[in-house]
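The sequence and the structure are shown first.

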Amino acid sequence: MTDAQPTWPEAESARYRAAGHWQGITFGARLRQAGTAHAERVAVVDGDRRWTYAELDAEADRVAAGLRGLGIGRGDRVVVQLPNRAEFVLVWFGLQRLGAVPVHAMPGHRRREIGHLVRLSGAVACVVPDRHARFDHRELMREVRAELGPGGSLRHVVVVGDPGPYEDVVAFDALRANGTDPAGLDTGPGDPDPGALALLLLSGGTTGLPKLIPRTHDDYAYNARACADVCALDTRTVYLAVLPLGFNFTFACPGVLGTLMAGGTVVIAPDPSPQTAFTLVEREGVTLTSLTPPLVPHWTEEAASGSWDLDSLAVVQVGGARLTEDHARSLGPALGARVQQVFGMAEGLINLTRLDDPDDLVHTTQGRPASPDDEVLVVDAGGRPVPDGTPGELLTRGPYTLRGYYRAEAHNRTAFTPDGYYRSGDVVRRLPSGHLVVVGRIKDQINRGGEKIPAAEVEEQLLTHPAITAAALVGVPDERWGERSVAFVVCPGVAPGTREVAAHVRTCGLAGHKAPDEIVQVPVLPLTAVGKVDKAALARAYAR
Ligand code: OOB
């Protein structure tokens with residue numbers, strides 16, 4: 001991997017290759033093969049637009065040629081912030097064809113997150129929509145560039161849609177027009193190394209600011225294939241992408257990549273409402289989709305209206321946050337589909353319940369590892385393995401779990417054990433069957449219905465409010481989101497209200513979902529014996 005990233009030891013790599021997990025094929029080459037093997041099959045559907053595999057392959061060439069015309073090439077990082085539109089997939093494979101590295105951003109990310117991603121990755125370009133959800137991303141990019149200042153890595157902004165009035169913004173259509181020139185189809189030097197960096201995912205944050213997760217062609221393709229095998233995908237699979245495409249769950253568990261690697265069809269939903277989704281299920285014969293828990297009651301209720309034909313839908317995955325047993329039990333019968341719980345992480349390890357697991361396991365556990373070579377340890381505070389059934393921290397290593405965050409040497413020394421296990425920060429119980437039950441978390445993060453809120457990132461901004469002298473963001477139980485965020489603040493005067501703090505957080509350039517749901521003023525923040533803010537005590541006091 002580039003940049004002297006920590007990577008798998010040679011013995012492990014050899015084992016993963018020998019087992020057939022790592023196949024030595026880049027994503028660019030995979031699409032080339034699929035473009036022939038499945039040429040006339042439909043690969044991607046977005047509204048009235050559809051691309052066969054041959055067309056997707058040709059489009060990747062055109063996008064690659066256009067990007068190359070901008071000087072983007074092998075190893076360059078490019079932040080991709082696109083909503084659920086086919087262009088996400090076209091740009092992603094265009095970048096793969098160049099050996100360039102997409103950095104997955106979420107549509108809701110704002111100045112701070114995008115700026116952080118650009119700085120941390122050293123990105124040379126950002127790909128954004130013109131507008132999305134009544135928000136102007138060209139304007140956002142103007143702010144990001146102003147904040148980054150001159151002399152940084154960022155050279156280009158590529159806009160899908162109307163490029164608007166700004167200079168040095170390139171329209172996606174212009175890239176395509178560029179690429180239709182046969183001379184422009186030169187996508188550069190041969191295929192990159194399948195062991196090289198293929199993409200960067202954003203971590204939810206364990207401590208401090210969010211980190212970047214390096215994923216290689218070999219490991220990420222295996223991530224998708226291992227999940228595809230568990231879900232028994234084949235050429236008849238029609239996957240509906242309901243959650244954001246940039247989310248690892250939607251993209252590769254098995255999601256978009258798993259479906260395309262199996263020769264199936266990916267249908268893109270512009271929003272996660274059951275009405276939008278069920279219309280697409282009926283029209284396209286969707287067989288598989290994935291949801292986060294807050295969507296489950298809405299989908300269950302709409303399906304129960306009886307006005308939809310959901311016969312084609314065979315499997316519905318739910319993951320990203322803890323699903324309640326009640327919701328797990330009601331979802332399957334309502335949709336007439338098999339439920340699958342998925343407990344995964346952008347860092348690697350994906351756990352899934354199996355399609356033939358007894359109902360009880362499906363309803364009460366978060367599944368077991370996708371690969372036979374995933375190694376899982378459940379340990380106590382001293383790092384000693386605990387017996388099955390006892391809660392402990394989940395440590396993991398394996399053929400698609402990172403060995404170190406991107407350019408984060410200091411953090412890597414504590415985020416991994418000396419023998420390469422990733423400390424997930426999740427507290428789990430393991431059953432004798434290998435199934436895991438997520439019972440808690442020791443990382444400083446709030447999981448709001450699957451959307452991760454790194455507490456430190458928000459606290460840093462709360463402290464820039466003139467009325468706040470100390471702040472701690474804590475997760476508390478919530479009926480709708482599973483968890484919501486409460487900011488405990490110390491203020492010499494009157495504490496600002498929730499609305500004002502939300503406006504402040506937005507002005508600071510953070511994504512809207514990171515604004516605290518509630519503000520609680522306290523005289524002081526309680527401290528633990530070692531002098532850290534005692535968030536458990538705050539949560540307990542709040543519960544009372
Ligand atoms: C998925 O990935 P991330 O990176 O956004 O978040 C990972 C964290 C896990 O460490 C865990 O704390 C939590 O999200 N989580 C769950 C869960 N699935 C994820 N907690 C309880 N129950 C679950 N089913 O969220 C992600 C990535 C790939 C597939 C599915 C989810």
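How many residues surround the ligand, and which are the closest? In this predicted model, 23 residues surround the ligand, and the closest are F249, G319, F343, G344 and A346. Two or more residues of the shell come from each of α9 (248–252), β16 (338–345), β21 (422–430) and β22 (436–441), and β16 gives the most, with five residues. Both domain 2 (218–441) and domain 3 (447–543) supply at least three residues to this shell, whose make-up by residue class is tabulated here.

| Class of residue in the ligand shell | Number of residues |
|---|---|
| Nonpolar | nine residues |
| Polar | ten residues |

Turning to the helices, α2 (residues 27–37) has F27, G28, R30, L31, A34 and G35 buried. Seen down the axis of α2, these buried residues fall within an arc of 160°, so they line one face of the helix. An α-helix has 3.6 residues a turn, so residues three or four places apart point the same way. The face of α2 turned away from the buried side carries T36 and A37, which are exposed. The cover over the buried residues of α2 includes α3 (53–69), α4 (86–98), β10 (197–202), α8 (217–230) and α10 (255–261).

One of these covering elements, α4, is itself mostly covered, with 13 of its 13 residues buried. At 1.5 Å a residue, the 13 residues of α4 should span 18 Å, which agrees with the 19 Å between its end C-alpha atoms. Just after α4, G99 takes a positive phi of about 75°.

Technical notes: Residues are numbered from 1 along each chain as its sequence is written. This is a predicted model: local features need pLDDT of at least 70, side-chain atom pairs count only at pLDDT 80 or more; totals for chains, interfaces and linings use all residues. A residue is buried if 20 or more other C-beta atoms lie within 10 Å of its own, exposed if 12 or fewer, and partly exposed in between; C-beta atoms are placed from the backbone. Helices (H or I, at least four residues) and strands (E, at least two) are DSSP runs, numbered from the N terminus. The arc is that of the directions from the helix axis to the C-beta atoms. Two residues are in contact if their C-beta atoms, placed from the backbone, lie within 7 Å. A residue is near a molecule or strand if its C-beta atom, placed from the backbone, lies within 6 Å of it. Ala, Val, Leu, Ile, Met, Phe, Trp, Tyr, Cys and Pro count as nonpolar, Asp, Glu, Lys and Arg as charged, and the others, Gly among them, as polar. Domain bounds come from an automatic or database domain assignment. The expected span of a helix is 1.5 Å times one less than its number of residues.
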